[in-house]
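The following paragraphs lead through a structure, beginning with a single residue and moving on to a contact between chains.

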Amino acid sequence: MSSESYGHAAEHAFRQHHFVNSEQQFDTSKLGMWLFLATEILMFGGLFVGFGLMQANYPEAWVAGHHHLDRIMGSINTVFLLCSSFTMVMAVHASSTNQKSKTVLNLLATLAFAGGFMVIKYFEYSHKFHEGILPGRYFSYAGGGPPEQAMFFGFYFAMTGIHGVHVLIGMILIAWLTIRAQRGEFSSAYYTPVDLIGLYWHLVDLIWIYLFPLLYLVS
Amino acid sequence: MADIVATPKSQSHGDHYDVDYLNDGSLLSWLTTVDHKKLGVMYLWSILFMFFLGGVFALLVRLELMNPGQTIMTAEQYNKAFTLHGAIMVFLVIIPSIPAALGNFALPLMLGAKDVAFPRLNLLSFWIYVTGAIIATVAMVTGGVDTGWTFYTPYSTTTDGPVALMTFAAFVLGFSSILTGVNFVATVHKLRAPGMGWFKMPLFVWGIYATAIIQVLATPVLAITLLLLIFERLFGVGVFDPKLGGDPVLFQHFFWFYSHPAVYIMILPGMAIISEVIPTMSQKVFFGYKATAFSSVAIAIVSFVVWGHHMFTSGQSQLAGAIFSFLTFLVGIPSAIKVFNWITTMYKGSISLAAPMLYALMFLILFGIGGLTGIFLGTMSVDIHLHDTYFVVAHFHYVMMGSTLIAFLAGLHFWWPKMFGRMYNERAAQIAAFFVFIGFNATFLPQFLLGSRGMPRRYYDYLPEFTFLHQVSTVGSWLLGLGFVIMAGYLFASLRKKMDAPSNPWHARTLDWQTSSPPITHNFHEIPVLKQGPYDYFKPFEPSVEGYHE
Amino acid sequence: MSEHAHSSGARVYVLTLVALLILTGITVGASYINFGSASANIIIAIAIATVKVSLVALFFMHLRHDNPLNAIIFISSLIFLGIFLAFPLIDIQSRDKIIPNGLRVREQVAAPKQAAPAAPAPAAPVHH
């Protein structure tokens with residue numbers, strides 16, 4: 001399949017009428033995605049701000065809370081997400097250079113790492129529930145410690161929970177991309193969705209890069 | 001930034017070639033349209049309906065306040081009435097009004113574009129708005145909320161009622177605002193016609209652009225605030241509840257970090273409209289174009305660092321209060337620059353007092369009052385006495401209603417012939433404007449007096465000495481309502497006429513007026529190449545759009 | 001479609017990943033070391049995280065080669081987030097600690113995990 005002819009077909013198929021050429025459309029789409037990422041940064045950032053301000057109020061409760069978190073599992077999750085970011089950008093690169101099977105493989109690898117992340121998350125959460133560590137009024141951990149640990153875990157579940165939802169949404173989007181890539185819909189002439197969802201996925205990674213030390217690593 | 005793409009020839013789709021957008025497609029097709037003009041019109045009807053609903057609550061509130069003690073409702077019902085009035089007006093009317101209804105319609109036309117950057121996202125924004133409106137309605141009819149539209153904790157986290165549902169509605173509506181903001185920033189950067197550099201854009205575009213920046217940066221914080229509020233209600237997390245170790249002032253920081261910039265989401269588009277109406281109706285070049293353009297962006301940026309002026313008496317530290325107070329004074333400066341520029345633009349112009357201009361002049365007066373009283377309230381020492389009194393209520397009605405809504409009306413009357421191809425009855429418009437102006441001042445001017453004499457806001461009952469001013473205010477609200485009824489009358493009547501409006505009834509110079517009234521679906525047969533600036537009234541008019549005729 | 005922004009070949013991505021993994025190792029290792037005050041640990045952790053975020057943003061997200069407007073958007077969101085953190089922090093740090101007669105300081109009382117307040121609370125808000 002010659003990228004030239006596919007390119008023109010793709011141009012017509014995917015270019016919307018209010019853009020004058022594909023480059024304008026691609027640049028605009030990317031700009032739109034960065035604007036959306038800015039909104040995500042501010043939304044998550046709000047949680048970080050609340051977390052940080054409450055930590056200033058209750059440092060002992062925060063330290064006590066940290067000790068319930070498993071550093072190893074958190075580290076593994078960090079590695080999973082970093083690797084998934086790598087495979088994602090490799091998928092973008094492959095789709096922009098007409099390498100269909102590499103695109104699909106890298107997207108599948110991204111899904112695998114993301115799935116691994118969610119599995120570890122599942123184990124972490126179920127362990128917590130088992131110990132009675134639940135948000136807010138449901139906090140029934142019997143092992144003592146400052147009562148404001150309940151608030152720490154309120155934040156913990158809110159932050160990792162919302163992050164987890166974003167991971168799941170990302171997985172769905174990447175699965176959709178995989179199907180489209182397998183159908184040969186992407187090429188050097190048009191790979192915008194891969195690039196944009198890649199940016200979203202990197203943001204999910206960025207958030208975890210800050211979540212991990214703030215939740216798991218402070219001693 | 002190479003955003004200007006010099007490719008004038010565009011594709012035309014045969015079946016839409018000459019049909020105006022109103023007659024293009026079945027009624028049902030409107031529900032899935034990606035045409036920014038149709039979406040703008042649908043937003044317009046939704047917003048006008050919500051305005052009517054919020055207005056009914058306002059009239060009920062004012063009726064209750066006609067006399068001390070119970071007049072027509074219990075205290076609990078009263079709390080719900082003013083909460084719903086506020087929540088509807090803020091989230092469902094004023095914030096979306098100009099950007100979603102008028103901005104959606106006019107922005108691409110003014111830029112010489114065929115649509116916004118992301119038309120499908122635009123459609124999504126609209127349906128998210130409708131979803132939020134439906135959720136809010138469900139919350140209203142399943143008991144209503146009595147927390148005030150500000151949802152302060154710990155009352156909002158502990159009181160009964162569908163608080164979680166109502167805040168979830170606001171959460172959903174926030175996304176409509178965010179996506180509109182994303183769309184508009186991208187549109188302004190990328191879809192300007194060839195020849196339209198940043199300083200050849202109409203000032204309306206600058207205002208909408210600055211607004212969109214705020215929408216993108218501030219609204220997500222509202223989203224997380226409301227989510228945390230819902231978590232607190234559902235799980236008792238305790239971040240904002242002092243009984244659980246939380247901090248209610250923290251909620252206020254979270255809430256006002258969005259809600260203060262939100263009021264600039266309200267006023268900036270209003271100012272943007274005034275910046276169009278005044279030079280057009282004065283047939284004069286805009287005085288201080290660059291200063292006004294920059295002032296829009298300056299207001300957007302400074303608006304993010306003043307939110308603590310809502311919290312002077314909440315338990316915030318004095319140091320923080322002093323910092324916020326000082327920064328609040330700063331935000332008045334770019335606003336003042338605009339007022340001076342508008343007035344100077346009119347000087348020695350050829351003034352037309354058509355309805356849009358009547359509202360623009362009203363804006364100058366009412367914004368003058370509203371803006372200045374904002375400075376009074378921003379002075380920490382003065383605010384200690386005025387906080388939570390009717391002085392605040394009067395101030396924000398002068399800026400939200402007397403300024404933003406009046407500017408919206410100016411824009412509505414300005415673009416009405418373009419949107420619907422018909423002119424409304426000018427005499428009826430003048431009469432309505434009269435009642436709106438008199439009614440508005442009769443309603444809210446007494447409230448400055450009430451507040452400075454100690455009448456607290458949100459109070460169901462009051463001391464007998466406040467009765468007279470309350471009654472003046474209530475009668476004022478009836479005059480105001482009458483003005484709107486007359487307005488609805490002539491506007492709807494105009495829609496039953498045939499389309500006879502000229503392309504350019506106001507002899508404006510911007511690209512939107514060089515399309516037909518109403519425009520064809522794709523706005524322009526070909527993307528125009530800009531030949532003149534937006535306010536070049538000192539030169540003979542040279543249209544940029546081929547085939548233009550008055 | 002142009003290739004202008006996509007000259008980062010696979011090699012750059014691999015190097016970036018390696019750097020990120022190494023930094024992750026460093027940050028985990030650093031968490032076992034006590035650097036003095038609690039805030040020192042936090043600052044170091046955040047500093048390392050910031051380096052990691054920069055690497056992801058510059059290389060994985062192509063900000064290095066992209067239209068600068070995208071980078072401006074990204075940085076702006078962080079700046080405004082900084083404002084959101086800074087002002088309430090100033091507020092909280094500079095609040096007076098007023099202890100009226102009869103109330104006990106919060107830190108001295110081990111409050112049980114549910115509602116009973118540490119001090120005689122003012123009248124609970126009236127609600128229905």
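**A threonine and a chain interface**

B:Thr389 touches B:Gly451, B:Met455, B:Pro456 and B:Arg457, leaving aside residues up to four places away in sequence; contact here means heavy atoms within 4.5 Å. This is a predicted model, in which local features need pLDDT of at least 70 and side-chain atom pairs count only at pLDDT 80 or more, while totals for chains, interfaces and linings use all residues. Residues are numbered from 1 along each chain as its sequence is written, chains are lettered from A and ligands numbered from 1 in the order in which they are written, and side-chain values use heavy atoms, without hydrogens and water.

B:Thr389 lies in the loop between helix 11 (380-386) and helix 12 (390-420) of chain B; helices are DSSP runs of H or I with at least four residues, numbered from the N terminus.

Turning to the interface, chain B contributes 43 residues and chain A contributes 36 residues to the contact. Together the two chains bury about 3200 Å², 74% of it on carbon and sulfur atoms; buried area is the accessible area (1.4 Å probe) that two parts lose on being put together, summed over both. In chain B, the residues that lose the most area to chain A are B:Lys190, B:Ile224 and B:Phe235, together 15% of what that side buries. Helix 6 of chain B gives the most to this side, with 13 residues.

How values were computed:
Helix = DSSP H or I, 4+ residues; strand = E, 2+ residues; numbered from the N terminus.
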